[in-house]
Amino acid sequence: MSKQKPELLQGNEAIARGALAAGCRFFAGYPITPASEISEILGRRLPARGAAFIQMEDEIASLGACIGASLAGAKAMTATSGPGFSLMQENLGWACITETPLVLVNVMRAGPSTGMPTNPAQGDVQQARWGTHGDHPAIVLCPASVAQCFELTVRAFNLAERLRTPVIVLADEVVAHLREKVSLPAEDELEIIERRKPSVPPDWYVPFKTDGGLIPHLADLGDGYRYHVTGLVHDERGFPTRRPDEVEPFFRRLFGKIRRNFGELEQVLPMALDDAEVVLIAYGCTARAAQAAVRQARAAGMKLGLLQIVGLWPFPRRAVEKAVLGRRAVLVPELNMGQLSREVKRVAAGRARVVHHGRMDGQVITPDEILNRIREFF
Amino acid sequence: MPPVSRGVVHGWLRHDKKFPHVWCPGCGLGVLLGSLVRAMITLGLDKNNVALVAGIGCTGRLPVYVDVGSVHATHGRALTFATGVKLAKPELAVITVMGDGDATAIGGNHLIHAARRNMDLTAIIVNNQNYGMTGGQYSPTTPLGARASTATYGNIEPPLDISALCMAAGAGFVARSTVYHVTQLDDLLAQAISHRGFGVVEVLSPCHTNFGRQNKLGSQIDMMRAFKEQAVRVERWAKLDGARRAGRFPIGVLARRDEDTTYLEAYGAMVERAMAQGREGQS
Ligand SMILES: Cc1ncc(C[n+]2csc(CCOP(=O)(O)OP(=O)(O)O)c2C)c(N)n1
Ligand code: SF4
C-alpha cells in the first residue's frame, strides 16, 4: 500500500481524516472533551468539500440527525464522550433495529457522570455493548495508536455500510490526544465500501426481505422506493408487527448477520504470544503500556506475551480462548473496575487464572506497573 | 383551488398497510391525514420527493399510512431526524408530524432550535392537550385545572402556547387551525410546506377517549363543535377586546416572514466561502 509522507498527527485528527477518507458526507455533533477536536476539524473540512456539518443542540439531536442523513444516503458520523454517549443510547438502538449505517465515535473519559473530563479512563466498555435497551448486536472497535485511529475509522464506515448497522469507535482520552508520526495510506489505495442499493424495480421492492446474505438492500429516502422505517419491530415490508412468527426471525437475522461475519469482525493483534507463559490482554492506551512491558520483560528473560484487542465487540472469544489456555496466568490491565476482565473470565470459564489490574484514579497504567504486577506470576 | 378528489387522495395512501388504522374511531388524526395528503397533492408534490418523519404517540403513527418515504423515529426526535434528511438531500420536501407531548415536552428543545435555525422543514404539531397514546396523562398544553390521568386533582401547570413559542423562537411561518376547519387546514398545511425555511402548523384535534372523557367534554362531535365555537379567524381576533377573547383562540396565519435567510441558504453561502478559502486540504 502506498503511503503519504509522514505527518505528526493527533488521534482525534486521524479519526477525522479517516472519516473523510471513508467518504463521510455528514457530521452532526455536540462539543465534549476529549472528542471536540473531531468536530472542529470536520467543521472546517466538510463544508469545504460541499458536504454537511452541523452542531446540534445536544447529543440526542446529533445522533438523530446522523440517522436522518444516513437514511437519505449519506455516510454519517458523530463523535462524543461518555455523558453524550449515554444520551445517544436510545437513538443507537433505533439505528440497530432499523439497520441504519453510521459511525459513532466515543472518546472515553473518566466517569460516571461528568467524572473527570480531561482524565483518561476505559469505563465505557460495557456501555458500548449494552448501553441501549433490548437485545441487539454491537460492533465496537478500539484504537490504540494514531495510525489505528485512522484505520479503524475507515473500517468502521466500511462495516457500517456493508452490514447495515451502527458501528462504534471506542477510543480513549490518551489515544485521542496522543501525537504520533504516521504515514497514512493514500486515499486512492484504501478499500472503501458503499452500501448496496436495491436493483429490483420499486413495484417489486420488499425493503427488509433479504436473500441468503441476511443484509437488506435498503433504498435511500428519495430514491423512488417509498417504504416505511420504524423503530418498532417490523415485518419484511417495514410495517410494525407483533406476530411471533415474524418477530423471532427478525431478531435472529439481526444477530445472524453479525454472527455470520464473526471471522472478519474478530480483530486482535498478538505480540510474542507463541511461547508466552504469562499473557496480557489489553486495548486502547493500556495496550501501548502492555507492548512496552512485553518488550522489557522479554529483555529481562521473562516470557510475557500480549493479545491486543482491536475488535472489542463482538467479543473475540476464539482468539482470547487460544491466548489464555495453558498459560501460567493472564493479566488484564484496564482503566476501570474490571469491565473487560470479566469478559475474559467468562471465556476462560475457570480454565485459566485471569487477574484484573485496574486503575481508577484518572492516571494511565505504566509499563513498570504492569511489570511489577506480573513478577508475582513468574 | 379546485378540490382534490377522494380517489386522488386514495392514491396517496398505503393499501398494503393493514388498514384499519390504529386510531380510535372519531379521532381527529384521520382528518389531519386527509388534509395533509390533499395539501401535498395541491402543491403538486411528487410522492418520490417527500419524506414524512414522525415521533412516537398516536400522532406519530400517521406517516405509515402515506405512500411516501416515511420514518417513525424516537419520541421527541422527529425534527432531528428530519434535519439530517434535509441536509443530506435538500431536494426532498421534509415534513414532520408530532404530538404536543412529542414536540414540546421531550422534543421541546429540538423545536426551539429548528425554529431558531430556520431549518428548511415543516412541523405539523397536533395539539390534543394530553398524551394520547400512553393514556391521557397531562402534557405541556393541558389547560390549568383540567383533569388528566396524572392530574387527578386538576392540572396545576400553566399550559404552553405552541404557536407563541414557535414565533418567539424564530419560525418564519406559524399557523394554527383545528380539524374542524378542514378547508382552512388544507390551505395552511400547503402554505407551511411551500414556505422556505421553518414552517409550523399547530393543529387542534380532539382526543375524546382520553382528554374528553376525563374532562366530561362529551363525544368527539361535541369537542369538534367546541372548536367551531372557540376558534376565531385571526383577522377578526385582532378586533376583539380582552373580555371577548376569553375562552377562545385565534386560527389562521399567525406569523409570516418570507424574507428570512433559511438554514440551507446560509449553509450554501458558507460552502462557497469555505471552498474559496481552499481549506479542504488542511486538517
Ligand atoms: C423516550 C420515551 N419516553 C416515553 C415514551 C412513551 N410515550 C409513547 S407515546 C407518548 C406520548 C405521546 O403524546 P403526544 O406526543 O402528545 O402524542 P399523542 O399520542 O397525544 O398523539 C409517550 C410519553 C416513549 N415512547 N419514549
Ligand atoms: S387516544 Fe386520543 S389521540 Fe389517540 S387515537 Fe384515541 S382519540 Fe386519537
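A: First, the residue classes: Ala, Val, Leu, Ile, Met, Phe, Trp, Tyr, Cys and Pro count as nonpolar, Asp, Glu, Lys and Arg as charged, and the others, Gly among them, as polar. On that basis the shell around ligand 1 divides into five nonpolar, nine polar and three charged residues. This is a predicted model: local features need pLDDT of at least 70, side-chain atom pairs count only at pLDDT 80 or more, and totals for chains, interfaces and linings use all residues. Residues are numbered from 1 along each chain as its sequence is written, chains are lettered from A and ligands numbered from 1 in the order written, and side-chain values use heavy atoms, with hydrogens and water left out.

Q: Which residues come nearest to ligand 1?
A: Cys58(B), Thr59(B), Asp102(B), Asn128(B) and Gly132(B), out of 17 around ligand 1. Near means a heavy atom within 4 Å.

Q: Why is the site shared between chains?
A: Because residues from chains A and B surround ligand 1.

Q: Which polar side-chain atom lies 2.9 Å from an oxygen atom of ligand 1?
A: One of Asn128(B). A backbone N or O atom of Gly101(B) also lies 2.9 Å from a ligand 1 oxygen atom.

Q: OK, domains. What does the assignment give for chain A?
A: Domain 1 (7–189), domain 2 (202–265) and domain 3 (269–375). The bounds come from an automatic or database domain assignment.

Q: How many residues does the contact take from domains 2 and 3 of chain A?
A: Four from domain 2 and six from domain 3. Contact means heavy atoms within 4.5 Å.

Conventions: A polar contact is a pair of N or O atoms within 3.5 Å; within protein, one must be able to donate a hydrogen and the other to accept it, and residues adjacent in sequence count only if both atoms are side-chain atoms.
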